[in-house]
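Biologist: I have not seen this one before. Can you walk me through it?

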Amino acid sequence: MRNRAYVRYLAAIVVVWGTALVKPISAQDTKYVADGLRNQQMILGPLCNTPSGDQMVDRHERPCGTHEAWLKDVTHWRDERRVRIGYDGSRYEIPSLQWTQRSFVQAQVMAEDRYLYDPASRKYTVDRFLDDLQSRYGGVDSVLIWPTYPNLGVDDRNQLDMISSMPGGIAGVKQMVADFHKRGVHVLFPMTLWDLGTREPKQPWPDAIAHLMAQVDADGVNGDALDAIPLAFVEASEKNGHPLAFQPQYPPPDESVAWTPITSGRYGFQPELGVDRFRWLEPRHMVNISDQLNGDKTNDLQLAFFNGEGWESGENIFGIWNGMSPRDAETARRISTIERAFAPFLSSNAWEPFYPTASEGVVASKWLLGNSTLWTIVNRNGYAIKDTHLEALAVDGSRFFDLYRGVEISPRERRDGSRLNWQDIPFSIEANGFEAILQVEGDPDASVMQLLSKMKGMTAEPLASYSNTPTTLVQRIVDIKPTKPQSTTPSTMVHIRAGDFPFVVQGVEVEDTHDLGEDIQYPWEDSPRRFHQHRMHINAFDMDKYPVTNMEFKAFMDATHYHPQDDLNFLKDWHGGTYPAGWENKPVTWVSIEDARAYAAWAGKRLPHEWEWEYAAEQGPQGFEERRYPWGNYWRDDAVPLPDQGRTMRGPDDVFAHPMGSNAEGVMDMAGNVWQWTDEYVDEHTRSAILRGGSYYQPQGSTRYFPQAYQNYQHGKLLLMAPSIDRAGTIGFRCVADSSAAQK
């Protein structure tokens with residue numbers, strides 16, 4: 001994701017810098033913006049932005065002009081561009097969408113995050129989630145709740161079904177949204193238009209999304225992997241009487257800024273900052289800069305503060321924890337406090353980016369509102385600037401305040417006597433730091449004085465005193481208690497002999513990275529990672545010959561009258577308390593890992609550890625062999641069910657329907673029919689289960705659906721939230737029992 005944004009950014013720079021040498025092909029003759037580049041999201045600034053206007057070496061083959069000339073040029077571009085695209089900003093006046101103009105901090109949170117939902121109490125814990133963010137980096141203004149990808153496609157539930165499957169169903173989700181609203185936080189959900197391989201909705205997608213979002217009282221929708229939100233979706237929400245703020249994930253075409261009031265911005269960075277193209281086109285347009293996998297947010301936060309816009313705190317990234325570093329968290333707290341207090345300034349048309357400062361690498365934006373002026377300033381240098389300044393017109397009765405440090409500033413007369421009626425406003429700024437200056441006529445109001453007091457205490461310690469190391473979390477495996485050892489192997493089970501085993505496995509997650517935190521952390525590892533290798537000894541155990549069938553699960557239900565507290569989607573394909581006719585020998589599905597454990601305990605068995613499952617799958621005629629598939633090293637179509645690539649699942653095959661898929665010991669149906677529950681892993685925020693064997697269902701049309709893992713050295717990682725959403729029509733289980741042969 002970051003690489004794509006960076007490539008687009010470099011391409012834009014090449015064209016922009018080239019305008020100094022090559023005549024533009026469009027009518028627009030700006031020197032700084034390449035007209036017509038849809039994904040160019042930054043407007044580069046003037047190199048000569050010092051107060052004296054001295055001509056500097058043109059390092060980047062761009063024209064070196066004064067701030068005034070640059071501002072005139074890019075303002076002309078904006079005026080012309082608005083005409084060219086027929087810009088109409090009336091949607092920014094809709095009262096129910098104006099919250100976007102103050103959404104300076106947005107958190108993307110996985111629905112499975114353990115701070116958002118507690119599976120033990122079966123309750124959404126919105127206050128716990130928000131209190132944590134408030135204490136760590138000053139809270140959020142909006143939250144993007146993500147219940148779809150990467151689990152989407154594990155069965156035929158579409159993106160709307162995944163939201164409806166969250167704990168409590170529609171009513172539960174609506175109450176969760178209401179809990180956010182009580183805290184003044186607006187709520188968005190994702191829209192995945194690539195989801196065309198699962199269940200087709202009963203109405204057109206724009207209407208279906210608008211209807212569900214109105215049902216749960218959501219405020220907006222994020223367009224996953226979209227650089228443009230089709231206008232039809234906006235119009236459908238307005239027609240439905242519940243206007244939604246649509247947020248494209250990638251830089252949108254200029255035209256769509258009129259109907260998408262908020263964007264998830266993604267950038268590549270150079271030493272110098274740029275002006276956000278869409279913020280410049282429409283200062284009321286909010287951009288939440290997103291750079292989730294980057295452990296250092298300095299560039300994102302500086303770009304946001306310079307442009308008067310927001311950022312996105314995506315810490316739980318599709319089940320990977322990448323927590324904010326203490327320095328970034330403290331920076332976010334400070335700049336968001338200032339931005340929220342001065343939000344009307346930051347959406348004003350009277351904005352002068354790259355306002356001149358006295359120091360190279362210190363860049364400022366000037367914002368006017370009424371008789372007051374605000375400057376937001378960042379230091380791009382890796383060293384502190386102890387004594388610098390910017391210029392301000394001397395106005396009788398004006399007072400200046402260092403908002404960042406919470407103190408009043410005494411202006412200085414121009415040292416060289418030039419530019420009469422102007423004065424220097426001195427300030428210092430730490431390495432890669434931040435600054436904000438306010439000019440008011442007369443005495444500031446009470447709210448400004450309160451802010452000054454708050455910021456003075458908040459900035460008493462420099463940012464350099466905070467660690468810039470992102471937080472990492474240690475995962476632990478959920479214990480599986482051993483069973484009473486069996487002295488003989490039942491006829492329904494297969495004995496797996498003890499032996500040494502080179503356990504080698506890799507996760508098949510779509511986010512194909514080698515980043516720290518990807519996939520899981522085994523007990524012998526010091527961190528989560530995608531590729532795993534460990535030599536271990538496996539004690540003897542007995543494994544079910546087949547996955548547990550509907551008929552066997554019905555016997556458990558009849559004997560125990562088992563009924564889960566969270567029963568949404570429980571045995572969803574059963575009717576009237578029993579399975580469909582002819583399904584007795586199909587593997588039971590729509591059971592959570594908790595349901596599977598309950599059955600196993602009743603049967604005197606347990607779920608297998610993943611390494612036990614793989615060890616059994618790789619058994620050959622002489623014991624353990626390194627096999628690619630349970631039946632051998634080459635794929636066989638007759639060893640697995642015919643793949644179902646439709647939009648509605650047909651159901652799995654009988655467990656004994658594919659004898660050619662047996663391992664050498666006679667264990668059947670280990671791959672290609674239904675996924676099978678094994679181990680569970682948790683940390684403070686994430687929770688996931690390891691699935692083995694793959695399934696017969698293969699939704700088509702996107703590579704982002706839950707991937708298959710047919711090979712013995714592959715596993716799937718399913719994010720866990722609650723039984724309601726964890727249950728799937730393609731996930732079953734088989735049991736194991738410890739064997740007394742392990743003691744021989």
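Modeller: Keep in mind that this is a predicted model. One place to begin is a pair of helices: helix 10 (residues 326-341) and helix 12 (residues 446-458) pack at an angle of about 170 degrees, and their axes are 11 Å apart.

Biologist: How do helix 10 and helix 12 run relative to each other, roughly parallel or roughly antiparallel?

Modeller: Angles over 145 degrees count as roughly antiparallel. Helix 10 and helix 12 are therefore roughly antiparallel to each other.

Biologist: Which residues of helix 10 and helix 12 meet?

Modeller: From helix 10 there are Glu330, Arg333, Arg334, Thr337, Ile338 and Ala341. They meet Leu451, Lys454, Met455 and Met458 of helix 12.

Biologist: Pick one pair. How many bridges join strand 6 and strand 7?

Modeller: Strand 6 and strand 7 (residues 220-223) pair in the parallel sense over 4 bridges. Leucine 188 stands opposite glycine 220 in strand 7.

Biologist: What does methionine 213 touch?

Modeller: Leaving out residues up to four places away in sequence, methionine 213 touches Ile163, Phe189, Ala218, Gly220, Val221, His242 and Leu244.

Biologist: Which residues of helix 7 are buried?

Modeller: In helix 7 (residues 231-239), the buried residues are Phe233, Val234, Ala236 and Ser237. Seen down the helix axis, they fall within an arc of 160 degrees, so they line one face of helix 7. Their packing partners are strand 6 (186-191), helix 6 and strand 8 (245-248). Just after helix 7, glycine 241 takes a positive phi of about 80 degrees.

Biologist: What about helix 14, which residues are buried there?

Modeller: Helix 14 (residues 593-602) has Ile593, Asp595, Ala596, Tyr599 and Ala600 buried. These cover an arc of only 155 degrees around the axis, which puts them on the same side of helix 14. The buried residues of helix 14 pack against helix 13 (550-560), strand 31 (675-682) and strand 32 (687-692). Glycine 604 follows helix 14, with a positive phi near 75 degrees.

Biologist: Last topic, strand 19. Why is it largely enclosed?

Modeller: Strand 19 (residues 398-402) has 4 of its 5 residues buried, so it is largely enclosed by the rest of the structure. Strand 19 pairs in the antiparallel sense with strand 23 (residues 434-441) over 5 bridges, and serine 398 stands opposite glutamate 441 there.

Biologist: What do strand 19 and strand 20 form?

Modeller: They form a hairpin with 4 residues between them, and glycine 406 in the turn has a positive phi of about 75 degrees. Strand 19 and strand 20 (residues 407-409) pair in the antiparallel sense over 3 bridges. Aspartate 402 stands opposite valine 407 in strand 20.

Technical notes:
Residues numbered from 1 in each chain as written. Predicted model: local features only at pLDDT ≥ 70, side-chain atom pairs only at ≥ 80, totals over all residues. Heavy atoms only, no water. Contact = heavy atoms within 4.5 Å. Buried < 20%, exposed > 50% of the residue type's maximum accessible area, 1.4 Å probe, protein only. Helix = DSSP H or I, 4+ residues; strand = E, 2+ residues; numbered from the N terminus. Arc of directions from axis to C-beta. Pairing = 2+ DSSP bridges. Axes fitted to C-alpha atoms, helices over the stretch in contact; angles between N-to-C directions. Parallel < 35°, antiparallel > 145°, perpendicular 65-115°, else oblique.
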